[in-house]
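Biologist: I'd like to learn how to read a few features of this model with you. Shall we go through them one by one?

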Amino acid sequence: MKSIILAVALSLPLPAFAAGVMNVKASEHSCSELTQIIRQNKKVFVRVGFGGRSFRYPPAQCSMGDKRTTTSLRDVRGKQCVLDYSCVFDPASPYNFP
């Protein structure tokens, strides 16, 4: 029973464990819908292809060890979206050194 619970827990994406984070597939929404979802939910993990990006609104509230940048992605219609409040891993941050 323990191994089944562990297997299910490990198969879930990491952002699912973070409190208050909503998972969204970019390929299922338009650019304006994605923007609206991010503004309404404050913390959103947008799946883009095999990976994904974490978005936070307002943009100044990225976590320690992250930096704010712009991210471009394609929406459901294939239109290029540029979102300016992406929080991405910052390799130069002192919080990311062991």
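Biologist: Are Cys 31 and Cys 81 buried or exposed?

Modeller: Buried means under 20% relative accessible area, exposed over 50%, and partly exposed in between, with a 1.4 Å probe and protein chains only. Here Cys 31 is buried, and Cys 81 is as well. Keep in mind that this is a predicted model, where local features need pLDDT of at least 70, side-chain atom pairs count only at pLDDT 80 or more, and totals for chains, interfaces and linings use all residues. Residues are numbered from 1 along each chain as its sequence is written, and side-chain values use heavy atoms, leaving out hydrogens and water.

Biologist: How many disulfides does the structure hold?

Modeller: A disulfide is a pair of cysteine sulfur atoms within 2.5 Å. The structure holds one: Cys 31 and Cys 81, with sulfur atoms 1.7 Å apart. This pair links distant parts of the chain, Cys 31 in helix 2 and Cys 81 in strand 5, 50 residues apart. Helices (H or I, at least four residues) and strands (E, at least two) are DSSP runs, numbered from the N terminus. The link is left-handed, with -90° about the S-S bond.

Biologist: In what order do the strands of the sheet run?

Modeller: Strands of a sheet pair through backbone hydrogen bonds, either parallel or antiparallel. Two strands count as paired if DSSP finds at least two bridges between them. In this case five strands form an open sheet in the order 1-2-3-5-4, with mixed pairing. Strand 1 (22-25) and strand 4 (66-74) are the edges, each pairing on one side only.

Biologist: In which sense do strand 1 and strand 2 pair?

Modeller: Strand 1 pairs with strand 2 (residues 43-48) in the parallel sense, over four bridges. Met 22 stands opposite Val 44 in strand 2.
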